[in-house]
Structures are given as C-alpha cells and as structure tokens.
Amino acid sequence: MKTLKEIACGQTVKVKKLTGEGPVKRRIMDMGITKDVLVFVRKTAPLGDPIEVTVRGYELSLRKSDAETIEVE
Amino acid sequence: MSIKIALAGNPNCGKTTLFNMLTGSNQFVGNWPGVTVEKKEGRLKGHKDVIIIDLPGIYSLSPYTLEEVVTRNYLINESPDVIIDIVDGTNIERNLYLSTQLLELGIPVVMAVNMIDLVEKAGDKIHIDKLSGKLGCETVAVSALKGTGIREAVEKAIVAAQAKAVQTHVHTFTRNVETEIKAVEEKLGDNVERRQKRFFAIKLLEKDNKIAEGIKYPPNVSFEIKALEEAFDDDAESVITNERYVYISSVIGECVTKCRKEKLTASDKIDRIVTNRWLALPIFAAVMFMVYYFSMTTVGVWASDWANNGLFGEGWYLFGIWVPGIPVLLENMLNAVGCIEWLKSLIVDGIVAGVGSVLGFVPQMLVLFIFLGFLETCGYMARVAFIMDRIFRKFGLSGKSFIPMLIGTGCGVPGVMASRTIENDRDRKMTIMTTTFIPCGAKMPIIALISAAMFHNAGWVAPVAYFIGVAAIVLSGIVLKKTRMFAGDPAPFVMELPPYRMPTVGNVFRSMWERGCSFVKKAGTIILLASIVIWAGSHFGMGKDGFGFAMEMELEDSALGMVGKAIGWIFAPLGFGSIKTTIATMMGLAAKEEVVGVFGVLDFQSMSGPAAFSFMVFNLLCAPCFAAIGAIRREMNNAKWFWFAIGYQTGFAYFVSLCIYQLGGLFAGFGFGFGALAALFLCIVFLYLLFRPYKENSPLRLDRKRIAKAK
C-alpha cells in the first residue's frame, strides 16, 4: 500500500485509509481528507517539505510525516 | 430584550469583513477570558439591542485547538439566540462540514453563503433554496465585498431569534450510526437540554472527554462506541467525520452546479510563481526586504524621526513655519502658570520624555502594521509558513516566526505583536519568548559604544552581536522545545492555503488601527509608570542634607544608585559589578539606549575585554525594555507564561555572560576560580538540555483549568 508521501507531484490518488491517530488524524479528516476522496498532489515546498495538495476544491498543505499516515491508491 | 447573534465560520470565509460591515465602529475588541484568542463584540448598526459576537474562525467543533474549544464553550454555555453561519461559496464543500456541526446545537442557524459574486464569476451556480431545504435552515446568498444580501441575512436572523425556534437537524447519517446516536440520546436522559441532545450524543460517541466533563452524570457509552467501531472497522471519531463528508457530498451533488471547465484561476497562476521551487525563496527574501525597508528605514524612519525630534523634541517645520515640540510647549506652559520645579521636571523629563520615546515608534509601527495586514489578508502569510516550515520547526518555531524576528531587528515591540499571525499556540509562545534576542535598533548604541571603547571600533563586534542573537534563538528553541512547558503532541501542520485575494483598503487599515491602538494603550501605560519610577529614582537620594529631592542629583547618590550598590554583587560574577554598570543595566529596562547615556567611553578603561563583552551581551539578551516586556505580557496574556518568558530570557543572558566572562577570563589568564568552575558546570548542563532526546509523542496536556475558564 502506498502512502500520500510517496506520490509524485501532478498525480491524483484516492484515499483508502488513515492510519494516524488522535488530534493529527482528526485534523486531517476535519480538513476533508477522508476515505474515498480524491487528492491531487500539487507541489512540494522549495525546501522539500511540506507538500501542497488539492482536496475538495481547495489547497491544503501538510507535512510529509503526516502524509505518511494517509494510505492511497 | 437584546438579541445575541453569533457569527461562526471557517477561517478566510470573510467573517471579519462581514462583522465590520454589520457593526461599523461599534466594536469592542478583547480577549476570551484566560486565553490569547481574540474576542470581538459589537452592536448592529441601527439596532442598539442586537449584539453581534465574532467567534474565532474554525474548521470543526473538535476539542483540539484553543479556538475550537472557545467557540464550543461559548455556543453551549452562553446559548446565543441565533448563529449566522458564514460559508465561503467558493469552497463550499469543506465549509459545510462545520455547518453540519453547528446545526446540531439546537440554536437557530441562518446560513450566509458568502463570495457569491466570485462563485458566479467562475461560472458555477449554488441553488440557495435547494440548499436551504436540504440543510433545514434559512439560507441567504451574500457578497461581503459588494454588500449584497447582508441586510437580508441579518433580518432573517433577527426573525429566527425572536421566534425562539429550536433548530432541528434535517441531515441524517447511515442507519447504523443513527441507531447508536439514538441509543446514546436515550442514555443521556435529562442530563442535558433536549435540543442539545444530539450534539452531546455525537460528541460522546466521538470520545470527546471535554464534553463528558460538562455533563453531570455522563453515561457510559462504550457499548455503542464498540458497536460502531466493529460495524465500520474504524475508530468512532473517524466514522462520524466520514459520515458528515458523505452527507455533504450528497448535498453538493444536488445543490451546486459546477462549471466543467478546468482552467487555471488567477490565484493558481500567482501561486505557480510565488511558491515555485526556484523562485519561492528569492521572492520571499524580496518581500521581507521590502517590508523591512519601508517600515524600518524609509517611511517608518521619516515618520519616527519626526515624532522623536519634532513632535516630542525641539519642534519641526510645517510648510516653513516653526512648530515647537510638545515638551517645549509644555515647558513654556508650565513656566507660565508658575509650576513648582520638581513637578515640571517630573512632567517634562519624566513622563513626556519617557512616553514620547515609545510613542515615537508608533508611526513606524503603523507602516509595519499596514504591510502585515496586507500580507495576512492577501494570503501570502500562509505561503510564508509553507516555504519556511522546514527550517523553523526544528527549533520549535513556525515558518511564520520569521516575520516577528525580522521586525524585531527594528523594534522588539511590533516584533512581539506580529507573532499574532501564528495560529499555533506553542509556536506563538516560543516566538514571543525568543524574538527579543535579536538586537533591536535601540541596542545598536550599546554595541557601538562597546565596540568603540574596548575593541577599537572593530568591524566584527556588530555582526557577532547579531550572530549571538540568532544563536540564542536557535539554541533556546531546541532547549525549550524539550521542556515540560512546551511538551505535548506535535501540533499538526495541516494548513489551508487560501486563494490569493486583493484585500480591501478598509480591512487593511482597520487591522492596522486595531493593532496600533492596542499597542498605545497597553505599552503606553506601562511606560508611563516606568518613566515615573526611573525619574523618581534618579532625583531622590542622599543629598548634602540627608535623603531628599534634588534637581541635580549625582547618580551614585540617588535612590537608583543605592539600588545599584545593593544589587551590584549579582553582576560581579559576570565581570561588571560596579554601580555604574548596574545602574546602566537597570536603566536599560526603561529603554535600551539609556544604557549608553549613563557613562561615556572613559568609564570602560578599568574594564577588561571579557567583562565589557559580557556586559554588552547581557544587555542584548536579558529582559527587553519595559515597552517590549509589556508587549510580551499582552501577547502571552497569562501571568505564568509571562514570568516564565522574562525569567528565561534573563537567566539565559546571565548564563551566556557568565560563560563569556569566566571562560574568556581563562584565556586572558585570570586564573581558574570558582566562577570558571560554575560556568563550566552550567555549560555541561546546557549541552545536556540541548542534546537530550526529544519525546515526540508525549500526551497532549492542554491546560484544563484554562480551557474551562475560556467560556
């Protein structure tokens, strides 16, 4: 299973499962990254972290360590 | 009977603009009790009995951030008569997520779909009446920018409030979930108000401990949670969140017609350049340079020079006419009425000089606040965090900490105040604590004096001072991050990057005005007190005829000098225990440039190199001037944190100076003594603090008492 961290820029993926827990997981879900939603990986920050994705029609940035908890396909 | 309307919505949904339009100048800005979250209240224009409360912008009613808890507690405990839920029409899907939660509170909700003009411009259509029917609440299309629909929304809210209707939720989740919610509702019994039952039931299912604390006899719902988790193979909290978004997707499908064309918006185009892999850092540097250049050197300095030398100095030329400054005018006036000498001295030398020195910074700060307001509202601030996050989070800071620190090179007060833009509580506190380590403009004379007196004007002294400031921030960040005060879960950096928008002139000026006022009020009062105390301290003392007042008091004989004598031993291990250096350090608390005023170059001849350097470093790093201390106090808004910050800064300065003097002394051949031993020991302790492992996953320790108070 791939995580969102490994997805190259410019690709769209579907979220399968969130493996994190506690506040971080809740926050990620509150922001709209839930099961079966489509996520478009837009770009990486100039220093390599965090990343910027498009989800539910808006731009969201998250750290790679958090993206790692999002399983996608 | 007055009506209370609460404005709720996501960040960046145009809530503040709308609030400003509704209330005009009838606003009261304060803080929610006990926390640094801003609270804004105002009366509706033309309706004295309608009070509008601007709640913090939040994404969800979860219990994890201060803003969310504040909002939740307010809505549950204070029960406003009606909620106006502001929804950003251009980003309706995620915005409705909060709406589904607000609709469960039992309080009448009127939904205002904002930025409808932008939605139409993009070619999309939101069917307002369908949305209204689907969600079961009054819905109005609004454009805060153009001013359409606002009246209608408020009128509907007032009607809903007067009808005292109970908001019923229309949305339902999957059958399994609904069954468990019903079961919990029954268990709740009469423990909570009837209309709030659903809200409480869902929160209990989400294992929300803070909600359970608010119920007298919280029922045990572990059975229902288990049933949910088994049915969905996920934790209950996620099940509910998922359900909400599934429901929203179904609503969106019916009520929003999207224009099919996928074209790049103007915002996308800007973002392509501004956060481009190669261009992002140069653009960032350019923007920062501009902010600094305009507020600290050109415009800001002209304005501040005028205020310092003109308004609060000798006077200035207005179109060729000489206008005397306030001190001159005041002195003439006091002479005219025949004021007693000491009172005149208190007013002119004490109060006006002291307060004036701070007010002199105001124009500079206003220029700066305009830039800050602009960067915040246009959306660039979020990109700054995005670009700089990688570097700053290593020191427990946020990408946005860069701005306060840059500004801190000019003046620490606006620097500390600029930390407001950092949402995360811990990052903000860390920024407030470390910003004043950067040498500010008023510390320049100290550096210049030491460099001239001791090091033959060597060019390396000033860069070294800056280097020490930056090193102090970095090292403090690493050390503090590991302390108990900053322990807890790493804050998630899951941040919205809002589309770029051109801010309205009104909004930018209003944000400047609010910041400016709060500075003048808070710092002004502290400086007033400090000025009086310093004045009294240097004019009262042991004169020829015993203790008393004298206009020309020798510094050594004054009360200030006595205090200096009494506490000089504290600084002896740092190499500068003399009366003059002690007084200078104390005066530095009123304003750092005062340090230089106490002595001239000659006074340093008895001092050794390490001692002079240690004296300079101590004055650069220790607690800043009273104005900045006031700013720290205000931004911390918590006595414990405030004293921790000041204590840490002074302690750190003492430690660094001790090491410089004692260990520097070793090289200079002073011999090895107790002081050197202590310095070595402290170095080892510091290195341990610096390199000890950082427990990333220690449990979240939100201060319960503080949250409880934050109604």
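Select Phe294(B): it sits in helix α13 of chain B. Helices here are DSSP runs of H or I, at least four residues, and strands are runs of E, at least two, numbered from the N terminus. Phe294(B) is partly exposed, at 31% relative accessible area. Buried means under 20%, exposed over 50%, partly exposed in between (1.4 Å probe, protein chains only).

This is a predicted model: local features need pLDDT of at least 70, side-chain atom pairs need 80 or more, and totals for chains, interfaces and linings use all residues. Residues are numbered from 1 along each chain as its sequence is written, chains are lettered from A in the order written, and side-chain values use heavy atoms, without hydrogens and water.

α13 (280-297) and α14 (299-311) of chain B each give two or more residues. α13(B) gives the most, four.

Next, charges. A salt bridge is a Lys or Arg side-chain nitrogen within 4 Å of an Asp or Glu carboxyl oxygen. The count over all chains is 37.

Select Glu59(A) and Arg42(A): their closest N and O atoms are 3.4 Å apart. Glu59(A) lies in strand β5 and Arg42(A) in strand β3, 17 residues apart. Glu59(A) is buried at 13%; Arg42(A) is partly exposed at 22%.

Now show Glu229(B) and Lys207(B), a salt bridge at 3.0 Å, N to O. Glu229(B) is in helix α10, Lys207(B) in the loop between α8 and α9.
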